[in-house]
Amino acid sequence: MRNTRFKNGGQWLGDMTVWLRANAGDNGEQMTRLRRNLRRAREEELTERQREMVGLYYDQGMTMPQIAERLGVSRSTVSRTLRRARDRLYRFLRYTL
């Protein structure tokens, strides 16, 4: 048996999660601002190719191999492009909240 610090550790964690959810403030305003800034960042910060791949992957739910076949590039190109797009979006968005 594992040596845990808390008796019934799983129950404690569940109780803490319920308490945090009940006592957390409303983050609706932050989420609205994040969505607005994400749309702006996709339009202004990403290259045309990055916007296209992000749209296919996240909005249309296509897999990387499907995107690669559709655009005539390798799967690794799709992966690298999506990674760079996420990095750009992260750099832009981390200061907007």
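Visitor: Hi! Is Thr47 buried, partly exposed or exposed?
Guide: Hello! Thr47 is partly exposed, with a relative accessible area of 36%. Keep in mind that this is a predicted model.

Visitor: Thanks. Where does Thr47 lie?
Guide: Thr47 is in the loop between helix H2, residues 28–44, and H3.

Visitor: And what separates the C-alpha atoms of Thr47 and Thr81?
Guide: A distance of 9.8 Å, although the two residues are 34 residues apart along the chain.

Visitor: Okay, Thr81 then. Which helix is that one in?
Guide: Thr81 belongs to helix H5, which covers residues 75–93.

Visitor: Is Thr81 buried or exposed?
Guide: Thr81 counts as buried, because its relative accessibility is 12% and the cut-off for buried is under 20%.

Visitor: Which residues is Thr81 in contact with?
Guide: If we leave aside the neighbours within four places in sequence, Thr81 is in contact with Arg49, Gln50 and Met53.

Visitor: Let me follow up on Met53. What is Met53 in contact with?
Guide: With the neighbours within four places in sequence again left aside, Met53 is in contact with Ile67, Leu71, Val73, Val78, Thr81 and Leu82.

Visitor: Nice list. Which residues touch the most other members of the largest nonpolar core?
Guide: Met53 is one of them, along with Ile67, Val78 and Leu82. That core has 16 residues.

Visitor: Which helices supply at least two residues of this core?
Guide: Helix H3 (48–59), helix H4 (64–71) and H5 each do. The most come from H5, which gives 6 residues.

Visitor: Let's zoom out. How many helices and strands are there in the protein chain?
Guide: The protein chain has 5 helices and 0 strands. Read from the N terminus on, its elements run α-α-α-α-α.

Visitor: And what share of the residues count as buried?
Guide: Of the 97 residues in the protein chain, 21% count as buried.

Visitor: What about contacts between residues 24 or more positions apart?
Guide: Such residues account for 54% of the contacts in the protein chain with a separation of 6 or more.

Visitor: Back to the helices. At what angle do the axes of H3 and H4 cross?
Guide: They cross at roughly 135° and come within 10 Å. That angle makes H3 oblique to H4, and the crossing of H3 and H4 is right-handed.

Visitor: Which residues make the contact?
Guide: On the H3 side there are Arg49, Glu52, Met53, Leu56 and Tyr57, and H4 brings Met64, Ile67, Arg70 and Leu71.

Visitor: How about H2 and H5, at what angle do their axes cross?
Guide: The axes of H2 and H5 cross at roughly 130° and come within 10 Å. H2 is therefore oblique to H5, and the crossing of H2 and H5 is right-handed.

Visitor: Which residues meet there?
Guide: From H2 you have Leu34, Asn37, Leu38, Arg40, Ala41 and Arg42, which meet Leu89, Phe92 and Leu93 in H5.

Visitor: Switching topic: how many aromatic pairs does the structure hold?
Guide: It holds 1 aromatic pair. The partners are Tyr57 and Tyr58, with ring centres 4.8 Å apart and planes at 90°, so the pair is edge-to-face.

Visitor: Are those tyrosines buried, partly exposed or exposed?
Guide: Tyr57 is partly exposed, at a relative accessible area of 27%. Tyr58 counts as partly exposed too, at 45% relative accessibility.

Visitor: Last one: where is the place of Thr77?
Guide: Thr77 is in helix H5. Thr77 is partly exposed, with a relative accessible area of 24%.

Visitor: And how far apart are Thr77 and Met64 in space?
Guide: They are 9.3 Å apart, C-alpha to C-alpha, and 13 residues apart in sequence.

Notes
Residues are numbered from 1 along each chain as its sequence is written. This is a predicted model: local features need pLDDT of at least 70, side-chain atom pairs count only at pLDDT 80 or more; totals for chains, interfaces and linings use all residues. Side-chain values use heavy atoms; hydrogens and water are left out. Helices (H or I, at least four residues) and strands (E, at least two) are DSSP runs, numbered from the N terminus. Buried means under 20% relative accessible area, exposed over 50%, partly exposed in between (1.4 Å probe, protein chains only). Contact means heavy atoms within 4.5 Å. A nonpolar core is a set of buried Ala, Val, Leu, Ile, Met, Phe, Trp, Tyr and Cys residues joined through side-chain atoms within 4.5 Å. Rings of Phe, Tyr and Trp (its six-membered ring) pair if their centres lie within 6.5 Å; planes under 30 degrees apart count as stacked, over 60 as edge-to-face and the rest as tilted. Axes are lines fitted to C-alpha atoms, for helices over the stretch in contact, and angles run from 0 to 180 degrees between N-to-C directions. Angles under 35 degrees count as roughly parallel, over 145 as roughly antiparallel, 65 to 115 as roughly perpendicular and the rest as oblique. A crossing is left-handed if the near helix is turned anticlockwise from the far one by less than a right angle, and right-handed if clockwise.
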